[in-house]
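Open the model in your viewer and keep the sequence panel beside it. This tour goes from one selection to the next and says what is found at each stop.

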Amino acid sequence: HALPKTLTYSGDAGGDSTPFDYLVSYVKYLNEVKLAKPTIPVTNWFDTGLLVSVLQGCIVNAGTSLLTDGDGLAMLRDASIGHIISKLNQMLCVEPFNTTKGVYNFFIGDGACRLNGGVELALHLIEGKKPASLTTLFIFNNHKWAIEDNLVAGTEKEHVLHNKDFYDLVQNHDQVCICENELELRETLALLSRRTDAYLQGKGSPGLSIVVVRGMDIELPPVIGDIGPIRKSVEMKFMRDVLGKFSAGCQHKIPLYGCSAFEYIQYLHIFMEEMPEGQNYQYVCGRTDIQAAHMCGLVQPEGRAVLFINDVYGINSLGESLRFVLSGFGGRQLLIMIWHPSLLNLIDHFHLHRPPMVWPSIGPELCKYYVRKESDALFVDFAGASGASRITEQVTSALAAGTPLVVCNILPEQERDYVSLDIRVKTG
C-alpha cells in the first residue's frame, strides 16, 4: 500500500485542539503507516504517569490502536516507573532489534524519565549507537510527579521537579526539540511525519530524537476516592504514637526518607500536614527508591532516621544502609515502615502502575540477613486494630531502649484478622 499523507494540519488555526489531540493525530498517522507497511515494525511504548495515561485514554477513545506490543502490554500491567527507558536501551543495543528497520516511539513523563536516567541514556545512545530504526522519545515536561499529587489532591513541594534549566540546556543538542506550546508541538509532529515518510522510502536517515513537550497539565479528582477516613485510621494512630515518641527530646527535625510510594503517600501527607507529631519530622523525598534507601543509612543530625518503603521497589540498596547503621560504635537508630497495597477488589490489581504483590513480604526477610545479634533489631507485623496496642508498645519500648533497627511491616487489609488453620480431613 502507498504510505499515508504526512501531517500538515492545514486549516488548523489553533485554539480548538489540545496537545492530546495533536498527539492522537500523530498516533493515527502511525497506524496508517503500519497498515501501509505491515512487515515493518511500527511500535509505541507508554510509561507510567498521569499525562501518559490520559494520552492512552484519548488514543483509545478515538478508536485508534496504541500500536504497542507484548512488552508494552506487560509494562502497562506490571512495570515500575521509567520501565520504557530500559526498553529503549534494549531496542537500540540488542541485535537484531537495532539492525532492523522500524519506527519506534516512546512516551514518558519527566519524573519517570529521570528515575531511569532517561535523557542521559538517550544522549549516550545518540552519541554511541547507530541503530537502523527511526526512534523518538517524547518527554512530557510538567515539572512534577503528577500521579502522587493526584493521590493527595494537592501539590506537594517535595514532588516539584526543578528541571527547567536542565531541559533548556539539553535543547542545545541538535537531536533535541522543546515544544513550548500547541503550535510548536503541531509543527514538530508534522516534521516527524515527514521524516517517517522519507525514512520508509529510503530517502531519510535513521536515528534517535528527543521531543520535550511542555504546557501539558491536567487536574483530576483523586483516582482512588476520598482520603478523609485516613485521618481516623488505626494506621494513623500507630504512626502518631510511634513517631511521636521516637522524636522525643530531639532538637532538630528527624529526617523521614521516602520516594512517594503510592502505598503510603496519603498517610504521610496527612501526618506531615495535619498531625502535631508531624512537625517534628522533615520529609526528604529521594529522587529514586535507591537514593532514599541510601540516605537513611548515612549519619543523621541526631542519629535517628525513618524510612518509608513499599514491598517491592523500596528495598533497592537497603542492604548497605543496614550495614552502615548496624556497624560501628552505636548511637544510631533507623525505623523502617514497609507498606503494601490492599487488594480487596478486582480493580485493585490494576490500579496505577502497581505490580502483583510479592508475598510473603521480602522486605523484612532481607533486613534480617544484615542483623548480627537479636538485640540489634525488632521485627513486627502491624495487623491493624487486632493487637495494635501490643505492637505499639513493643515498638516504642524498643526505640526507647536504643534498638538500632526497628522494622514495622504494615500488613495489607487482606492479610489482617484471620485465623490460619492446618487441618487434616478424612474423606473416606
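A salt bridge is a side-chain nitrogen of Lys or Arg within 4 Å of a carboxyl oxygen of Asp or Glu. By that definition, this predicted model holds 12 salt bridges.

**Stop 1: arginine 186 and glutamate 187.** Select both side chains. They meet in a salt bridge, with 3.3 Å from N to O. Are the two partners buried or exposed? Arginine 186 counts as buried because its relative accessibility is 10%, under the 20% cut-off. Glutamate 187 has a relative accessible area of 40% and is partly exposed.

**Stop 2: arginine 231 and glutamate 274.** Here the N to O distance of the salt bridge is 2.7 Å. Arginine 231 sits in the loop between β5 (207-213) and α10 (234-246), and glutamate 274 belongs to helix α11 (residues 265-274), so this pair ties together parts that are 43 residues apart in sequence. Both side chains are partly exposed: glutamate 274 has a relative accessible area of 39%, and arginine 231 has a relative accessibility of 39%.

**Stop 3: arginine 240 and glutamate 277.** Their side chains form a salt bridge at 2.9 Å, N to O. Because arginine 240 is in helix α10 and glutamate 277 is in the loop between α11 and β7 (281-285), the pair ties together parts 37 residues apart in sequence. Arginine 240 is partly exposed at 28% relative accessibility, whereas glutamate 277, at 17%, counts as buried.

**Stop 4: a network.** Now select Lys164, Asp168, Glu180 and Arg214; salt bridges link these residues in a network.

**Stop 5: strand β1.** Select residues 42-46, which make up strand β1; 5 of its 5 residues are buried. Which residues lie on each face of β1? Val42, Asn44 and Phe46 are on one side, Thr43 and Trp45 are on the other, and both faces are covered. Asparagine 44 has asparagine 105 of β2 as its bridge partner.

**Stop 6: the nonpolar cores.** The largest nonpolar core has 42 residues, and Phe308, Leu335 and Val395 have the most contacts inside it. Centre the view on phenylalanine 308. Setting aside neighbours within four places in sequence, its contacts include Met239, Leu243, Leu256, Tyr264, Leu268, Met337 and Trp339. Another core, of 35 residues, lies apart from that one; Val52, Ala190, Leu192 and Val211 are among its members.

Conventions: Residues are numbered from 1 along each chain as its sequence is written. This is a predicted model: local features need pLDDT of at least 70, side-chain atom pairs count only at pLDDT 80 or more; totals for chains, interfaces and linings use all residues. Side-chain values use heavy atoms; hydrogens and water are left out. Buried means under 20% relative accessible area, exposed over 50%, partly exposed in between (1.4 Å probe, protein chains only). Helices (H or I, at least four residues) and strands (E, at least two) are DSSP runs, numbered from the N terminus. Two strands pair if DSSP finds at least two bridges between them. A nonpolar core is a set of buried Ala, Val, Leu, Ile, Met, Phe, Trp, Tyr and Cys residues joined through side-chain atoms within 4.5 Å. Contact means heavy atoms within 4.5 Å.
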